[in-house]
Amino acid sequence: MADITTKYCGLDLKNPFIVGSSGLTSGVDSINRLAKSGAAAVVLKSVFEEEILLEYKQTFKNQLGSQEANLEFFDYYDYQLKGEMLENTTELINRVKESNDIPVIASINCRSSAEWFSYAKNLEKAGADAIELNIHRVVDSVDESAAVITEKYLNIVQKVKKHVTIPVAVKMSPFFADTAHMASQFEKAGADALVMFNRYYSPDIDLENNKLISAPVYSNPGDYTLPLRWISLLSGKLKTDIAASTGIHSPESMIKMLVAGASAVQIVSALYKNGPDYLLDFSHYLEEWMDKKGFDTLKDIREYGRTMIPSNSEMFERVQFMKYFGKRC
Ligand SMILES: Cc1cc2nc3c(=O)[nH]c(=O)nc-3n(C[C@H](O)[C@H](O)[C@H](O)COP(=O)(O)O)c2cc1C
């Protein structure tokens, strides 16, 4: 029988299937259900930076006077924060750990380099096994360059790493001009793992009712090809672990991510659509496929994948592009 254990972000996992941050991971009953169906770890629903700051402001309301809006103070006071949000997260982590032996990854959705991030320390104290940073900025300023934005991203990772001893994963955007360089910069900043990629909320327009609405929140089965490309391009160049995320709707796309070099996969939309037991299909399919191929471990799968990577990937991609899109009729 194939060994499907893996190591990801400093954690020993019984299989590579992680349930990604979402409503599915916001409550103990749902997490217990996912664990029963074989989830190897869960990334909790994100705590949003804005929520942390709101709690901070409420806690210190009228105490800081004109400094109330000065986030520099946050670092000095954050260890005293005992707000409802932290209590809820601590309780959730404790209850999940009481009933299961799966690692719990806490998630922070953040955008600024303000001094809020030692909140991560509190999540560590609450019992989280690792932290996932979802650094999310939609920059519409025409004056802010990529260099400035990058600096802020890296600053967040470095500062969180300074405050915690548990491993830290960075959930990356797929929209950097220099995706490969950014991945390497995150690694240098101390990221223990990279999640490729985040899938952002997108707005849409309701023409009938004249208002902005949310575009579909669930991914599509074809979306897996974007992370697949980058994981196959970068897994051999980075030391840090990679979790594949976005568009993994079938056992086949899950296996392709492992072939490309991912140590684990994060699944969300497919579990919303098919229910928690879909995870059982994933593990059965993986074990059967590995047996059929004669692979004993996930490392064998990654080595098999390396034999398929062309030596000049950029040229390969351009040639493929010309082959399929270069025809003039
Ligand atoms: C309903 C819903 C809620 C989500 N909430 C979060 C969140 O709080 N934090 C986060 O980092 N990602 C969140 N995500 C994004 C998922 O973690 C994941 O990155 C995205 O859905 C792509 O994976 P998928 O193709 O398997 O769905 C959410 C996704 C959905 C569908």
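Predicted model: local features only at pLDDT ≥ 70, side-chain atom pairs only at ≥ 80, totals over all residues.

**Exercise 1.** Find where Asn210 is placed in the chain, and decide whether Asn210 is buried or exposed.

*Solution.* Asn210 sits in the loop that joins β10 to β11 (211-214), where strands are DSSP runs (E) of at least two residues and helices are runs (H or I) of at least four, both numbered from the N terminus. The relative accessible area of Asn210 is 68%, and Asn210 is therefore exposed, since buried means under 20%, exposed over 50%, and partly exposed in between, with a 1.4 Å probe and protein chains only.

Residues are numbered from 1 along each chain as its sequence is written, and side-chain values use heavy atoms, with hydrogens and water left out.

**Exercise 2.** Locate Thr246 and determine whether Thr246 is buried or exposed.

*Solution.* Thr246 belongs to the loop between β12 (241-245) and α9 (251-260). Its relative accessibility is 15%, so Thr246 counts as buried. Thr246, a residue other than glycine, also has a positive phi, near 100°.

**Exercise 3.** Describe the peptide bond from Met196 to Phe197.

*Solution.* This bond, from Met196 to Phe197, is cis, with omega near 0°. Phe197 itself lies in the loop between β9 (193-196) and β10. For background, most peptide bonds are trans, and most residues other than glycine have a negative phi.

**Exercise 4.** Which polar contacts (pairs of N or O atoms within 3.5 Å) does the ligand make with Lys45, Ser219 and Gly247?

*Solution.* Begin with Lys45, which has a polar side-chain atom 2.9 Å from a nitrogen atom of the ligand. Next, a polar side-chain atom of Ser219 is found 2.5 Å from an oxygen atom of the ligand. Gly247, by contrast, uses its backbone: one of its N or O atoms lies 2.7 Å from an oxygen atom of the ligand. Finally, consider the area: the ligand taken alone exposes 600 Å², and the protein buries 89% of that, with accessible areas computed by the Shrake-Rupley method with a 1.4 Å probe.

Methods:
Polar contact = N/O pair within 3.5 Å; in protein donor to acceptor, adjacent residues only side chain to side chain.
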